[in-house]
Amino acid sequence: MLSSFRRRGHLLSSHPALSSSTSTWASTSAARTTKKTVLIAGAGPVGLTLSALLSRYGVPNLVFEKSPTLSLHPQAHFINCRTMELFRHAFHPSLFQRINNCVPPLRLWRHFIYATSVLNGTEIGRVDHFSPTSALASANTSPAPHVLLNEQSPACVAHLSQSRLMPLLYDEVMAAAKKRKEIRFNGSNYQQVVHFGHEVTKFQSHEPGEGQGVQVIVQDKASGHTRVFEGSYLIVANGASSCLRQQAQIDMQGECGIQHLVNIHFSSRALAKATEHRPAMLYFLFNAQVICVLVAHHFPTGEFVAQVPFFPPVQSPDDFDAATVKTLLDAAIGRTLPDLTVHSVQPWTMDCQVAERYRSGRILLAGDAAHRFPPAGGFGMNTGIQDAHNLAWKLALVLNGHVNETFLDTYETERRPVAEHNANLSMRNYTRSLRMPRALGLDAEEAKSLSQTAAAIPMPAPKGFLTSLLALGRRPLRSLEEAGQPYGAACLAKARKILQDGAGLPLLFPQDDLGFQYPPRGHLIGEDKYKSLALIRVGCRLPHIWLQCVHPETGAHLGKVSTTDLADQVHVALTNLDLPCFCNTPFAILLTSSVMHKAVGPVAQLRWREGEMSLFHVRISSTSPNSILSSCTTETTLAEFSLESMEALCQHIFGSKSHLQLEDKEGEWERRMSYLGAGVLLRPDGHIWAILKSTGELESCFQEEFQIVW
């Protein structure tokens with residue numbers, strides 16, 4: 001394996017010290033030639049997504065993960081609609097199918113339940129996030145959020161733990177790298193792109209214009225040995241506490257230490273079976289022994305996580321020994337379960353912060369290294385995966401020499417405003433989630449103040465003092481389970497009114513999920529960008545419209561494809577056919593309407609201020625002269641078409657110098673484009689780059705911002 005790395009020039013030398021002194025780096029002078037390899041620190045969902053997408057564009061990459069394996073801790077568990085769209089069209093279709101196959105039935109996770117315990121306590125109330133008649137739905141949007149998402153996307157949200165998602169992403173990484181010859185056969189084993197048990201500890205970066213790359217010191221966690229690797233860019237995706245971000249001298253901005261919690265990861269099939277009568281994604285539990293949120297990560301296997309707050313400086317994670325954890329879980333569940341197994345107890349701190357900048361020369365931040373949010377709303381992992389989708393095609397264009405490296409600055413100008421918006425939304429959601437405990441007479445801020453006071457006052461046992469005060473504060477919760485208690489009845493009435501008025505914590509955020517708009521030409525735009533999801537607007541993802549794809553020879557309808565899928569799916573489909581002009585490079589998509597009468601071919605060159613790339617032409621028409629069969633109702637993607645169908649399409653497109661033609665049977669595309677112009681220019685990530693305002697010459701339709709050369 002070592003000799004294989006040396007032949008490629010990735011492994012540069014052994015490195016006994018971690019010092020980044022001049023003499024240390026000078027000893028690896030042979031490493032200073034620029035390589036196209038992208039180095040990725042962190043094999044979480046963001047790092048794995050970025051690796052797979054880079055390999056799809058033919059960009060060699062290496063991923064270093066300090067843990068010996070993929071994480072087994074569930075962590076994030078909600079995949080929003082936009083992320084599911086990316087999994088649907090930016091990867092092989094099997095990924096989207098495999099994810100959906102792993103997601104438990106909707107009936108098991110459509111609710112949030114508020115109660116005094118899971119099994120036999122008083123139910124304060126519940127929220128059904130997929131009911132059109134729920135108070136939460138009627139209070140926020142019309143139609144209901146889930147109905148709006150179904151109308152405006154070919155994908156759907158999913159409840160799948162990060163620990164179950166990552167093996168699927170890892171498979172995509174290995175498959176994409178193998179296809180791009182990143183994995184080379186060596187004896188009987190394939191060399192891995194992802195290096196587990198290896199941590200990037202330090203880096204030395206050169207400015208992009210200097211003709212040199214970035215060098216990183218990687219430590220083998222098992223042996224302690226270090227080596228130096230060289231690449232073109234280092235992507236820091238190794239989590240919220242990244243030392244690499246600190247080394248790059250990039251500060252976080254926002255609020256830290258909002259809340260301190262421990263995650264108790266446990267399993268119990270008995271608990272899953274006992275909750276069949278009232279399953280939920282989240283259980284918000286309030287009783288005199290414990291206050292916590294119980295996340296039902298996977299009902300079929302009985303996998304749960306209890307999130308229990310604690311209050312520094314008096315309390316600490318060390319207080320949660322085995323006996324304490326058992327007592328807390330028994331109280332939350334409502335009884336002792338003999339098969340309950342605790343797998344881990346991990347502390348974490350809730351922050352709401354965004355990095356002051358996303359780039360320092362050849363160092364770029366992504367995922368939790370760039371932003372960290374309260375979990376309310378589930379935007380953390382989703383924002384990070386979408387970071388990777390935005391960054392991958394830009395890195396590919398830069399490394400292939402099609403654009404100047406300053407084009408990477410658009411990664412920050414586009415993604416950082418989205419992170420700031422999601423941070424603010426997550427903070428509002430967290431504040432909103434505190435309404436329920438306040439209605440029950442609880443205040444987290446008072447508990448924080450008590451801990452600070454107990455630490456400041458000289459006393460022999462501050463921990464015991466604080467524990468007693470917190471227990472005293474929870475004691476009135478007993479009245480929630482005692483019939484005829486006026487205080488308990490009043491608290492229940494206030495809490496239930498919050499839910500009845502639709503003021504509880506939402507799960508679905510259609511406008512924030514799908515409606516974000518990238519700023520045109522680097523200029524920031526205001527919060528009003530989060531509006532209608534059906535409008536065709538520059539900077540937004542292309543809205544979802546079903547179109548029919550017709551076999552060019554038989555006239556048979558091959559399936560319904562979504563406009564939202566087109567940019568990524570055309571690339572995936574053409575790449576799968578190994579067409580030379582489309583392999584290993586991103587390309588733009590030109591969508592023209594039937595009002596564009598000029599006959600143009602399938603391929604052109606797109607030029608703009610920062611560079612150039614290939615352009616693929618797709619014509620959307622109201623009817624097709626070759627269509628002889630009724631419309632197909634099968635919803636699919638281009639990559640799912642049979643090899644024979646794709647070869648026939650490509651023979652027709654390139655053999656006759658025509659274009660890919662899709663049918664707008666319902667006339668929806670024509671209706672939305674009627675007041676806009678003749679067509680749309682799509683970026684490789686499916687966001688709208690420009691709108692053609694004229695039906696005249698294509699070369700002059702973009703008002704000199706873009707130039708098309710056929």
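What follows is a conversation about the words used for this model.

Reader: What kind of model is this, and how are residues numbered?
Author: This is a predicted model, in which local features need pLDDT of at least 70 and side-chain atom pairs count only at pLDDT 80 or more, while totals for chains, interfaces and linings use all residues. Residues are numbered from 1 along each chain as its sequence is written, and side-chain values use heavy atoms, with hydrogens and water left out.

Reader: What makes a stretch count as a helix or a strand?
Author: Both are DSSP runs numbered from the N terminus, a helix being H or I over at least four residues and a strand being E over at least two. By that rule the chain has 21 helices and 31 strands.

Reader: Why are β10 and β20 said to stand at the edges?
Author: Two strands pair if DSSP finds at least two bridges between them. An open sheet of 6 strands has the order β10-β3-β2-β14-β21-β20, with mixed pairing. In it β10 (194-196) and β20 (359-360) each have a single partner strand, so one side of each is left without a neighbour in the sheet.

Reader: How do you know that β2 and β3 pair?
Author: Strand β2 (residues 38-41) and strand β3 (residues 61-65) are joined by 4 bridges and run parallel, and the definition asks for at least two bridges, so they count as paired. Within this pair, A41 stands opposite F64 in β3. Helix α12 (residues 379-399) packs on the sheet, where it touches β2, β14 (233-236) and β21 (363-365), and its direction makes about 170° with that of β14.

Reader: Why is α3 called roughly parallel to α12?
Author: Axes are lines fitted to C-alpha atoms, for helices over the stretch in contact, and angles run from 0 to 180 degrees between N-to-C directions. Angles under 35 degrees count as roughly parallel, over 145 as roughly antiparallel, 65 to 115 as roughly perpendicular and the rest as oblique. Helix α3 (residues 45-56) and α12 pack at an angle of about 25°, with their axes 8 Å apart, and that makes α3 roughly parallel to α12.

Reader: Which residues make this contact, and how are they classed?
Author: Contact means heavy atoms within 4.5 Å. On the α3 side the contact is made by P45, V46, T49, L50, L53 and L54, and on the α12 side by residues including M381, I385, H389 and L395. The residues of the contact divide into 11 nonpolar, 3 polar and no charged, where Ala, Val, Leu, Ile, Met, Phe, Trp, Tyr, Cys and Pro count as nonpolar, Asp, Glu, Lys and Arg as charged, and the others, Gly among them, as polar.

Reader: Why is K560 called buried, while Q249 is called exposed?
Author: Buried means under 20% relative accessible area, exposed over 50%, and partly exposed in between (1.4 Å probe, protein chains only). K560, found in strand β24 (residues 557-562), has a relative accessible area of 18% and is therefore buried, whereas Q249 has 63% and is therefore exposed. Q249 lies in the loop between α9 (243-247) and β15, and its phi is near 60°, a positive value in a residue other than glycine.
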